[in-house]
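Let's take a walk through this model together, one element at a time. Have the viewer ready and follow along as we go.

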Amino acid sequence: MVSDEVLRTHLQELRRGTVVVASLVALRRPDYGYALLQRLAAHGFAVDANTLYPLLRRLEDQGLLTSEWNTEESRPRKFYRTSDDGETVLGRLLDDLTAVRTSVTQLIEGVGR
């Protein structure tokens, strides 16, 4: 029988890349980190804050997100948005995700090549 740890590790690996895609999609509409956490969770992407915030910084450093501070409220918040380069990368990632899904479906259904 497969241990819970083995299963958890593989599920984590599978979700790691999809969280990048989900974040780039979600941030087509500007949002701040905590709201993004909630929105991702509402769509089945349970992400820990200790995972999401470093991811947002990395995506921003890579030029895939832009950010700006909103200081109009009582507490300043950093809002993120998918950049033009982020849209380009997202398009490629979505294309690849579709291709992977198609390939796995064909394997499951026994479709030969």
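This is a predicted model: local features need pLDDT of at least 70, side-chain atom pairs count only at pLDDT 80 or more; totals for chains, interfaces and linings use all residues.

**Starting from helix H3**

In H3, the buried residues are Leu52, Leu55, Leu56 and Leu59. Because they cover an arc of only 100 degrees around the axis, they sit on the same side of H3.

H3 runs over residues 49-61, and at 1.5 Å a residue its 13 residues should span 18 Å; the end C-alpha atoms are 18 Å apart, so the two agree. Now look at both ends. At the start of H3, aspartate 48 brings a side-chain oxygen to within 2.8 Å of the backbone nitrogen of asparagine 50. After H3 comes glycine 63, which has a positive phi, near 80 degrees.

Next, the sheet. Here 3 strands are arranged in the order S1-S3-S2, forming an open sheet with antiparallel pairing. S1 and S2 are the edge strands, each with a single partner strand, so one side of each has no neighbour in the sheet. Between S2 and S3, the antiparallel pairing extends over 6 bridges.

Is aspartate 31 buried or exposed? Its relative accessibility is 9%, and since buried means under 20%, aspartate 31 counts as buried. Its side chain has a polar partner: a contact of 3.0 Å joins it to the side chain of arginine 39. Leaving aside residues up to four places away in sequence, aspartate 31 touches Leu36, Arg39, Lys78, Phe79 and Tyr80.

Finally, step back to the annotation. An unreviewed UniProt entry places the feature "domain: Transcription regulator PadR N-terminal" at residues 27-90. In this model, the span 27-90 is 47% helix and 22% strand, and its end C-alpha atoms lie 11 Å apart.

How values were computed: Residues are numbered from 1 along each chain as its sequence is written. Side-chain values use heavy atoms; hydrogens and water are left out. Helices (H or I, at least four residues) and strands (E, at least two) are DSSP runs, numbered from the N terminus. The expected span of a helix is 1.5 Å times one less than its number of residues. Buried means under 20% relative accessible area, exposed over 50%, partly exposed in between (1.4 Å probe, protein chains only). The arc is that of the directions from the helix axis to the C-beta atoms. A polar contact is a pair of N or O atoms within 3.5 Å; within protein, one must be able to donate a hydrogen and the other to accept it, and residues adjacent in sequence count only if both atoms are side-chain atoms. UniProt positions are given in the numbering used here, feature names are shortened, and annotations may be inferred rather than shown by experiment. Contact means heavy atoms within 4.5 Å. Two strands pair if DSSP finds at least two bridges between them.
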